[in-house]
Amino acid sequence: MILVTGPTGSGKTTTLYAFLRKIRSPEKKIITIENPIEYHLDGISQTQAEEDKGYDFASGLESIVRQDPDVILVGEVRNKETAKISLQAALTGHLVFSTVHTNDAAGTITRLHSLGADIVNIAPALRMVIAQRLIRETCDKCMEFRKPTPEELKKLKKTLKDLPEKVEKPEINDNIKIPDARGCDYCNNTGYRGRTAIFEAFTVDEEIEQLILEEPSITELRNKIQAKGMVTMKQDGFLKVLKGQSTIEEVERITG
């Protein structure tokens, strides 16, 4: 099971369909249940939940599993029945994609547990969790680079000092330049045009699986997955700031 988490409008469904586009082939039987169907993709069977007619995510998922698909996409895990059937489908050899509402990647386990899913099923079924948000991109017509203030420089150093070894650490000194959103007619004087995503993600290996079985707090799990190399959403956002894609103010507006 692969879960994408974030608030409404954070691009979760777009990410899931990027996965489906990547893996679809004539040899794979892919079935979705969504509400509503946001993307139409050739080569997969898409169904729409209609709760007023008794066809909700849980009942639809039960029907889908009986058709023995290779891949299942469930629009959202929102109750005990959907969580239970999704996890069982993952445990019996199906690749399951879905979304859930949590604040960050580490909170996903607690959220599934609070919905009524058993920890003994969550740990072996889950293989990857992705949390994401959308931030506004700086307008390339009016954006200018400037030197960061001492406070901004301090924030960049503090947030990026603990980047995992697999990530190339940028050199942060008094000579760096960061984007400044100015505003023009092209961007409606906002300084921003378009959006991009910031992510954090972790995979569930044997060590993380064992930790999940011990029912850790969100803080304990977050510390462990960061120690194992997870880049946080705020770190990802600040790395995009250094690339000129957005501003410190915008990243902090979204991530806190």
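The model is predicted, so local features need pLDDT of at least 70 and side-chain atom pairs count only at pLDDT 80 or more, while totals for chains, interfaces and linings use all residues. Residues are numbered from 1 along each chain as its sequence is written, and side-chain values use heavy atoms, leaving out hydrogens and water.

**Exercise 1.** Find how the rings of Y17 and Y39 are arranged.

*Solution.* Start with the rule: rings of Phe, Tyr and Trp (its six-membered ring) pair if their centres lie within 6.5 Å; planes under 30 degrees apart are stacked, over 60 edge-to-face, the rest tilted. This rule gives 2 aromatic pairs. For Y17 and Y39, the centres are 5.3 Å apart and the planes meet at 35°, so this pair is tilted.

**Exercise 2.** Classify the pair F19 and F97, then decide how accessible each residue is.

*Solution.* First, the ring centres of F19 and F97 lie 5.6 Å apart with planes at 25°, so the pair is stacked. Next, F19 belongs to helix α1 and F97 to strand β5 (residues 95-100), 78 residues apart; helices (H or I, at least four residues) and strands (E, at least two) are DSSP runs, numbered from the N terminus. Last, buried means under 20% relative accessible area, exposed over 50%, and partly exposed in between (1.4 Å probe, protein chains only). F97, at 3%, is buried, and F19, at 25%, is partly exposed.

**Exercise 3.** Which ring does the charged end of R136 sit over?

*Solution.* Check the cut-offs: NZ of Lys or CZ of Arg must be within 6 Å of the ring centre and within 35 degrees of the ring normal. R136 sits over the ring of Y192, 4.0 Å from its centre.
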